[in-house]
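Subject: Structure for your files

Hello,

Here is the structure that I said I would pass on. Please open it alongside this message.

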Amino acid sequence: MNLKIITAIFAVLLLSFIQAESAELINGGFETAGASLNEALNWKLAKFCNKGHVRVRSPRKSGSWSLKLQNTSADDISCSFQKIVFNQQELKPILLTGFIRGNVKKTPNGFFGATLYVEIHLVDGTIVYWNSAPNFGSFAWREAGINLSSIYKVTGPIAYVNVIPLLMDGTGAAYFDNLVIREFEPREAAVTLMFDDGHESAFNVAKPVLDAYGLCASAAVVTGEIDKPDSMTTADLQELENDCWSISSHSETHAHLDDIPIGKARNEMINSKKTLKKKKIEAVSFAYPFGDFNGALFAECQKHYVSCRGVNAGVNPTRGLYPHDVKTRVVKNTTTLGDVWNWLSEAWEKKAWVVIVFHVIADDWDDAYHTPVSDFEEMADLVANSGLDVITYDEGVRRYSVGKP
Ligand SMILES: [Zn+2]
């Protein structure tokens with residue numbers, strides 16, 4: 001082989017290397033062709049995929065093209081990837097969003113479906129693998145989003161990210177369009193105290209403790225339980241809301257929404273909101289019972305609520321927050337004051353928003369989701385003296401969501 005050819009090959013390799021390494025996502029709408037019309041400029045075939053991608057004209061979310069992934073057998077993995085270099089000095093929020101549509105038959109025990117998969121390479125060498133909610137079945141264009149800084153394993157600055165539209169654990173076709181990844185400057189850290197399920201202890205025990213510090217909190221209420229024994233009453237909830245708390249819906253019956261037909265899950269979302277409205281309580285956010293969600297619930301919830309949250313662990317970005325991917329820190333009876341201190345410190349260091357979720361405040365309870373009263377008093381004192389801004393859940397969503405300066 002003569003030097004000219006070697007140089008030419010080297011130049012080609014170098015070019016592909018440079019093309020795959022951008023400081024920003026290029027061609028996220030797949031409008032620009034690569035080497036051929038059905039290839040997308042800057043999108044490569046990832047090594048772990050046995051099937052590639054093709055650019056297609058239809059269906060598309062906007063413009064003239066989208067990206068198609070197709071699996072014909074259960075073992076197929078289709079994907080595409082693009083490497084984006086951030087070289088962060090300190091951890092800053094990075095939001096990835098995109099639109100997905102498809103018709104995907106789930107393989108037994110399948111997990112991923114059609115999803116936005118990411119390999120996050122931290123500056124310290126750690127690699128974090130994560131994905132947006134899995135999408136299965138036949139579905140129209142729906143948005144997917146993740147803020148990479150809110151993933152609990154992302155503990156420090158990010159060197160680079162491989163963005164990977166992925167179809168795995170299912171047969172059929174999935175389409176991706178309008179992928180965007182963007183870094184934000186974080187704002188001041190903040191903390192929210194939230195009480196799930198609507199147990200009366202939120203009103204009878206937690207509120208008086210927080211009132212002594214002048215703190216406002218939030219409650220996610222199961223509307224079918226309101227006014228029943230052990231639960232908060234309509235009057236309690238109205239007082240909370242009039243007194244600076246924010247109230248979220250936590251469904252009607254606290255069902256596992258991913259185990260029931262989507263129509264029933266939709267009713268849980270819509271009817272609980274209506275019930276609260278009749279009581280003159282405006283619920284703009286929703287908390288999934290048991291934290292269960294998937295792509296279909298994710299898409300449905302976005303139609304009815306400004307924010308939907310599960311119980312995935314982590315803290316939230318204070319800019320570029322994807323309001324349907326809010327992370328939490330859940331308190332159990334084994335949670336120590338030291339744990340809470342670590343969560344508050346993490347928020348402080350990352351300039352993040354931590355949502356601390358309690359359930360029942362009581363000395364005795366029949367499951368782990370309770371906090372003894374004296375523990376709660378100490379935790380409230382720690383929060384009040386942390387120097388962090390203490391805000392309601394709805395205020396956090398308003399302040400930090402995508403696009404807010
Ligand atoms: Zn619950």
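Below is what was found in it, from the whole chain down to single residues.

The model is predicted, so local features are given only at pLDDT of at least 70 and side-chain atom pairs only at pLDDT 80 or more, while totals for chains, interfaces and linings use all residues. Residues are numbered from 1 along each chain as its sequence is written.

Overall form

The C-alpha trace spans about 80 × 45 × 35 Å along its principal axes. For 405 residues, a compact globule would have a radius of gyration near 22 Å, and the 23 Å of this chain agrees with that. (The radius is taken over C-alpha atoms, and the globule rule is 2.2 Å times the number of residues to the power 0.38.)

Of the 405 residues, 47% count as buried. Buried means that 20 or more other C-beta atoms lie within 10 Å of the residue's own; 12 or fewer makes it exposed, anything in between partly exposed, and C-beta atoms are placed from the backbone. Two residues are in contact if their C-beta atoms, placed in that way, lie within 7 Å. Among contacts between residues at least 6 apart in sequence, 74% join residues at least 24 apart.

Domains and core

The domain assignment gives domain 1 (22-183) and domain 2 (190-400); such bounds come from an automatic or database assignment. Their centres, taken over C-alpha atoms, are separated by 31 Å. The contact takes 21 residues from domain 1 and 20 residues from domain 2. On the domain 1 side, the elements that give two or more residues are β6 (94-106) and β9 (137-147), and β9 supplies the largest share, seven residues. That side divides into 10 nonpolar, eight polar and three charged residues. (Ala, Val, Leu, Ile, Met, Phe, Trp, Tyr, Cys and Pro count as nonpolar, Asp, Glu, Lys and Arg as charged, and the others, Gly among them, as polar.)

In soluble globular proteins, nonpolar side chains tend to be buried together. The largest nonpolar core here has 110 residues, and V118, L148, V161, V163, A347 and V354 have the most contacts inside it. (A nonpolar core is a set of buried Ala, Val, Leu, Ile, Met, Phe, Trp, Tyr and Cys residues joined through C-beta atoms within 7 Å.) Not counting residues up to four places away in sequence, V354 touches V191, V315, R329, W343, L344, E346 and A347.

Two helices

In α2 (201-211), the buried residues are S201, A202, F203, A206, K207 and L210. They are on the same side of α2, because they cover an arc of only 155° around the axis; the arc is that of the directions from the helix axis to the C-beta atoms. These residues pack against β12 (190-197), β13, α3 (234-242), β20 (360-361) and α7 (373-384).

Helix α5 (residues 295-304) is mostly covered, with seven of its 10 residues buried. Those seven are G295, A296, L297, F298, A299, E300 and C301. Their cover includes β7 (113-122), β9, α4, β15 (285-287) and β16 (307-313).

Single residues

- I94, in strand β6, is buried because it has 24 C-beta neighbours inside 10 Å. Leaving aside neighbours within four places in sequence, its contacts include F86, N147, L148 and I181. I94 and S401 are 307 residues apart in sequence and 12 Å apart in space, C-alpha to C-alpha.
- S58 and P59 are joined by a cis peptide bond, with omega about 0°. P59 sits in the loop between β2 (53-56) and β3 (66-71).
- D169 is not a glycine, yet its phi is positive, about 65°. D169 lies between β10 (158-168) and β11 (170-183) and is buried, with 23 other C-beta atoms within 10 Å.
- H254 also has a positive phi, near 60°. H254 belongs to the loop between β14 (246-249) and α4 (262-278), and counts as partly exposed with 17 C-beta neighbours inside 10 Å.

Regards

How values were computed:
Helix = DSSP H or I, 4+ residues; strand = E, 2+ residues; numbered from the N terminus.
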